[in-house]
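Subject: Structure for you, with notes

Hi,

Here is the structure I promised to send over.

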There are 4 protein chains.
Amino acid sequence: MDLAQLERQARGKLEPGAYAYFAGGTDDEVTAAANPAAWRRLRLRPHVLRDVGEVSTATTLLGTPVSLPVMVAPMARQRLGHPDGELATQRGAAGSGALAVLSTHATASIEEVAAVAPDAPRWFQLYVHRDHSLAEGLVARAAAAGYGAVVLTVDLAVPPNRERELRTPLELPEGVGLANLPPLAGEDVRERVGSNFDPSLTLQTIDWLRGLSELPLVVKGMLRGDDAAACVEHGAAAVVVSNHGGRQLDSAVSTAEALPEVVAAVAGRAEVYVDGGIRRGTDVVKALALGARAVLVGRPILWGLTCGGAAGVRDVLEGYREELERDLALCGVPTLDQLSADLVAMPGRLGT
Amino acid sequence: MDLAQLERQARGKLEPGAYAYFAGGTDDEVTAAANPAAWRRLRLRPHVLRDVGEVSTATTLLGTPVSLPVMVAPMARQRLGHPDGELATQRGAAGSGALAVLSTHATASIEEVAAVAPDAPRWFQLYVHRDHSLAEGLVARAAAAGYGAVVLTVDLAVPPNRERELRTPLELPEGVGLANLPPLAGEDVRERVGSNFDPSLTLQTIDWLRGLSELPLVVKGMLRGDDAAACVEHGAAAVVVSNHGGRQLDSAVSTAEALPEVVAAVAGRAEVYVDGGIRRGTDVVKALALGARAVLVGRPILWGLTCGGAAGVRDVLEGYREELERDLALCGVPTLDQLSADLVAMPGRLGT
Amino acid sequence: MDLAQLERQARGKLEPGAYAYFAGGTDDEVTAAANPAAWRRLRLRPHVLRDVGEVSTATTLLGTPVSLPVMVAPMARQRLGHPDGELATQRGAAGSGALAVLSTHATASIEEVAAVAPDAPRWFQLYVHRDHSLAEGLVARAAAAGYGAVVLTVDLAVPPNRERELRTPLELPEGVGLANLPPLAGEDVRERVGSNFDPSLTLQTIDWLRGLSELPLVVKGMLRGDDAAACVEHGAAAVVVSNHGGRQLDSAVSTAEALPEVVAAVAGRAEVYVDGGIRRGTDVVKALALGARAVLVGRPILWGLTCGGAAGVRDVLEGYREELERDLALCGVPTLDQLSADLVAMPGRLGT
Amino acid sequence: MDLAQLERQARGKLEPGAYAYFAGGTDDEVTAAANPAAWRRLRLRPHVLRDVGEVSTATTLLGTPVSLPVMVAPMARQRLGHPDGELATQRGAAGSGALAVLSTHATASIEEVAAVAPDAPRWFQLYVHRDHSLAEGLVARAAAAGYGAVVLTVDLAVPPNRERELRTPLELPEGVGLANLPPLAGEDVRERVGSNFDPSLTLQTIDWLRGLSELPLVVKGMLRGDDAAACVEHGAAAVVVSNHGGRQLDSAVSTAEALPEVVAAVAGRAEVYVDGGIRRGTDVVKALALGARAVLVGRPILWGLTCGGAAGVRDVLEGYREELERDLALCGVPTLDQLSADLVAMPGRLGT
């Protein structure tokens, strides 16, 4: 799967500001670049002479069966890429048996997205605003519409410094408004986040959110073992190791670097997922070998969506599946539960 | 804050020799390049789910309250960049609530600079000449004019080898003479330093200087823990980890590398500051997390001064503040005293 | 020996698809590039003042005397490079006293190749198809034709993802059909491997193959000590540390990284060979110092074959011999059995 | 001192083959490039507040006083660079108070070189030919002409593979014949070395050479502690850590990497020198801090010779002196005997 080529193709179709918004990171984009580089730098130590006549990528996510351990990350304003936006993404994910996470900043409503694939697994990503009644409403709607979990994003306490976006501003066209929120103060994204997002989230926020519904809570956006352990102790069912794709704190550790300490701290008490720079089946193998149960993929889904709508999304997910199946076979590991950390060679052995 | 863009803009305004003088380093400029690279290479391990509704960048420097832990470094001949030179810099710093350090090689007098912002915090940087009566006079004037500390620079025992300056010589225009010194022997900078600077400074120099006034003494220009500890034992109130911006001994360790050993050796007995290559709010976070109480910034101030005078200086300082506030929030650390070394991930984990 | 120049020359003669097929790797070609880089990064610690008046590169491979510890790796469809294909390669190897390994995917028959140099040492490489009678037939023919060992390739359980080949497809010309196999299902290489290769090889496959003939069994394609030890315990006479030239699992460890753990695990119970990126006499010295008994060379042989047929193959092998003789002398090691691991300096000492 | 500029200037004056001969290394020139890079990568930890009013670069080499710890390395056929060749080099060295080593492959005679500066310190470098009477004659002549030591080169057992020279062949002009040797068999350098050099030097060669004269013996060309210790135990007065400027065994360890283990193994029983890539005063400081008593410099001397004859050689040596004096002062170390290993920061601290 040639994702670099797909990105070039999508870039050709997108308004420059939209491409900058999708592709960019914060400050000097050090972390945005470090994420894929960190996965790539890890080396695999494959097994041979194991029967790989039958390979399966199936797993469960908080008990829900999925056909592959690759989720669609929550991403804002997908109608910038394709007129069908989140509806197409959900269709593509459902077609591939993959779980999709819908963003609070979606351009389609919670209910519309649920309707396009009622039986497909899907979760709802939540930003908590200063006005807590907004979160209450969103969680209630997600629960009613059959979403299987709430994914609370915790790494956006304040608006980031995305200089690429400042150099190539996004002019929001018609039809990409936020479908699930009332009109809020703030001229642009920075102001809207700064004025409306609650910068005072704490572990008590987890307690409160757990009380809003029966849905399990996934906490997304941590890079430290101690933070992850605290979330689990407050009842998080899963955590996502993430630096928001390098779009929040620049020079934050890459997710490949952070994953092992989070896995160790969680110690099996919750599921651990990871996102950021996962571009190949071998990256998925590495993440799962290091203890993640699944990965989330963001920008590649946007390139698929931009170039081909629902079919484009499905093609990207099927590309991950095809690569993952092949790579599992080449690693001598026919099922995901047989992946173990010794498949990954830490770099630096012999200095290479 | 796009400092690279600001530097390009300033370069367009400066006479080539002046730009080479401001921007250059010594020999092959290995250390000048290593300084910013070393900060950038460090990775942050931010906390999440901490209340960052109120973030403060305020601190004190030797007991003097300042609004942010970023000082204006002492820099020579600022009228090369702007007709108002050090007067504009002091105005800009005062406007931002930041402390500015005036260089012995200023092109405005100690008293003039004090007059533009009588209440603003400011320190005086001292070069010691072979004729010790010069230092005695300068210290007395600084004390009389309300400067709060003497910053003794100790890393200029002999003139450096700045090959960039030799290739692009600076022709001193009218009006950039040294306002606080009598005419001294020596055709150019090299000769003047070589003929006039005292190459025999020792720890006894600290004892002598402390006797000249009531002002606390800051010793600037060390890269080793043992040297720093000796200064503190001779009564230094603070030390500055510095390699003179890579302008003295090329291939000296970067300041990010040297900071931890100095912090450990000083062991809380004095304040520790650091300069060299600090270009982002995240760099400030890293320096303070590793034990510095504040940082000094040099070249970016010159680019602001060149492009916009006092307002340009203030814009740069406000840029640091804005980034620092955001980065503290994104690190989950609302006040500077909560920064600790475990926010910094040493590179090399997983080889990344 | 300027192999980069030879490759450029060969590239000029080859149809682009054939060059992509010979030169390419899998996915992003990370491992294909890492192989030569890993050897190059190792440093030698030569001895001086040792008598190197007589230097010998002679050794034995499973008891068979050869004039140098460089074997011709098994490579498919050599008639893409030269009309005489594998026949020329065998002639060139024989002329140099080197052992050549014939691929199951040869374009000349097992018997024809044997006939061109009846007394030269040669081994037969085996792919095991789902139809096990094919392997039975191939092994019987190899034994009857005087091949000295069977080299079982175990790292091609499923077809790889060679994106370079997809971008520059190979159109198979007349005359490069597989001479030793019946027509098999599958339009292209991917399909043929996927449909026909047995993905269920295990250690029992070794037991079965050992029973098919008296020939010793070499297992090729491992990167882990545990896998190598298991093969030896099932009777393998030798193992080849290999990642298939970076053509199977991308981001697999380089062979230079993997060699030491395999040597340690085999512990002298079998011979260990290594391939992948060995381009200089010094690379051969490093591999043998780290415990390999011999190396296999692939792509450089193809460039020699393409440019000069049998003579070109012999020139490449003689180039390795000339470099190896010189490098042994410059290391102060006149015979191969005196090579030891302390000739290799692990990188990173002094950070260099 | 801008040696890169000087090299460009010399390159413009030299016939391309002569430049390739002077500048090139062996194989891929990995070691030739690694030598300067390894020094540059080391970082200095300078002291401050030490009295450096008087700095001295003076030392002794085997008891002979010299004004700086930088020797002229033995280099062949210097008349390729300048009509006065070795005579000019000796004049330049004498003018600078530096010791020069004359090569066996000089284009001026042992006696002529001695005559140009009878009182200047100078040593004679020896290649041992198969015909040992040649060495006997050379040593006798060197002793008679007042050379102070014999420098035996031990890393040229066989001719190297200098591919740059093969691509840009040197056509020897008139007047650059070897002045101290009889006509010997061999068309070109490779053949001459291969046919005439003794490849069987051992520790006994040291014993034999020591008996030929009263001159102390320096053994040049080792990279290992064990080899150095053995030479010292056989009576070597000094050893030179050297890889022949990267011109013999490519991918040999850089000399900066090898120096510490040689210093440790020699343990003060002999003097240790080092060459290879020393291009700055800071490199000299690093080498001496790590335990070398002096360094040898080669190619920069050739560039000075080519551009300016004796004056050019002296300018280069004075450039090293000027940089070394400055760098010692900036390190707070006024005399060479106060240099110690803790001035050097091993790379990798904080990953930088």
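This is a predicted model: local features need pLDDT of at least 70, side-chain atom pairs count only at pLDDT 80 or more; totals for chains, interfaces and linings use all residues.

Once you set aside the residues within four places of it in sequence, C:Leu126 still contacts C:Thr104, C:Ala135, C:Leu138, C:Val139, C:Val150, C:Val151, C:Leu152, C:Thr153 and C:Leu209. It also belongs to the largest nonpolar core, which has 418 residues. The residues with the most contacts inside that core are A:Leu126, B:Leu126, C:Leu126 and D:Leu126, along with C:Tyr320 and D:Tyr320.

Now for how the chains meet, with chain C as the way in. On one side, 44 residues of chain C contact 32 residues of chain A. Between them the two chains bury about 3100 Å², and 55% of that is on carbon and sulfur atoms. On the chain C side, C:Arg224, C:Leu249 and C:Glu257 lose the most area to chain A, together 22% of what that side buries.

There are seven salt bridges between chain C and chain A, and 19 residue pairs are in polar contact there. If you want to find this face on the screen, look for α3 (30-41), α7 (163-167), α9 (203-210), β8 (217-222), α10 (225-233) and α11 (255-266) of chain C, the elements that give two or more residues to the side touching chain A. That side is made up of 24 nonpolar, seven polar and 13 charged residues.

A:Arg40 pairs with C:Asp28 at 3.2 Å, N to O. C:Glu163 pairs with A:Arg280 at 2.7 Å, N to O. The second pair runs from helix α7 of chain C to the loop between β10 (271-275) and α12 (281-289) of chain A. Both C:Glu163 and A:Arg280 are buried.

Next, chain C against chain D. Here 32 residues of chain C and 44 residues of chain D take part in the contact. The buried area is about 3100 Å², with 55% of it from carbon and sulfur atoms. Seven salt bridges turn up across this interface, and 18 residue pairs are in polar contact. From chain C, β1 (43-44), α12 (281-289) and α13 (299-330) each supply at least two residues to the side that touches chain D. Helix α13 of chain C gives the most, with six residues. By class, that side has 13 nonpolar, five polar and 14 charged residues.

Which chains don't touch? Chain B and chain C make no contact, and their nearest C-alpha atoms are 12 Å apart. Chain A and chain D don't touch either, with their closest C-alpha atoms 13 Å apart.

Over all chains, the structure has 68 salt bridges. One of them is A:Asp28 with B:Arg40, at 3.1 Å, N to O. A:Asp28 sits in the loop between α2 (16-23) and α3 (30-41) of chain A, while B:Arg40 is in helix α3 (residues 30-41) of chain B, so this pair joins two chains.

B:Arg293 forms a salt bridge with B:Glu271, the closest N and O atoms being 3.3 Å apart. B:Arg293 lies in the loop between α12 (281-289) and β11 (294-297), B:Glu271 lies in strand β10 (residues 271-275), and the two are 22 residues apart. B:Arg293 is partly exposed at 33% relative accessibility, whereas B:Glu271 is buried at 17%.

Why does B:Arg192 count as buried? Because its relative accessibility is 13%, and the cut-off for buried is under 20%. Beyond its neighbours within four places in sequence, B:Arg192 contacts B:Arg77, B:His105, B:Leu178, B:Leu181, B:Leu184, B:Ala185, B:Gly186 and B:Phe197.

Cheers

Methods
Residues are numbered from 1 along each chain as its sequence is written. Chains are lettered from A and ligands numbered from 1 in the order in which they are written. Side-chain values use heavy atoms; hydrogens and water are left out. A nonpolar core is a set of buried Ala, Val, Leu, Ile, Met, Phe, Trp, Tyr and Cys residues joined through side-chain atoms within 4.5 Å. Buried means under 20% relative accessible area, exposed over 50%, partly exposed in between (1.4 Å probe, protein chains only). Contact means heavy atoms within 4.5 Å. Buried area is the accessible area (1.4 Å probe) that two parts lose on being put together, summed over both. A salt bridge is a side-chain nitrogen of Lys or Arg within 4 Å of a carboxyl oxygen of Asp or Glu. A polar contact is a pair of N or O atoms within 3.5 Å; within protein, one must be able to donate a hydrogen and the other to accept it, and residues adjacent in sequence count only if both atoms are side-chain atoms. Helices (H or I, at least four residues) and strands (E, at least two) are DSSP runs, numbered from the N terminus. Ala, Val, Leu, Ile, Met, Phe, Trp, Tyr, Cys and Pro count as nonpolar, Asp, Glu, Lys and Arg as charged, and the others, Gly among them, as polar.
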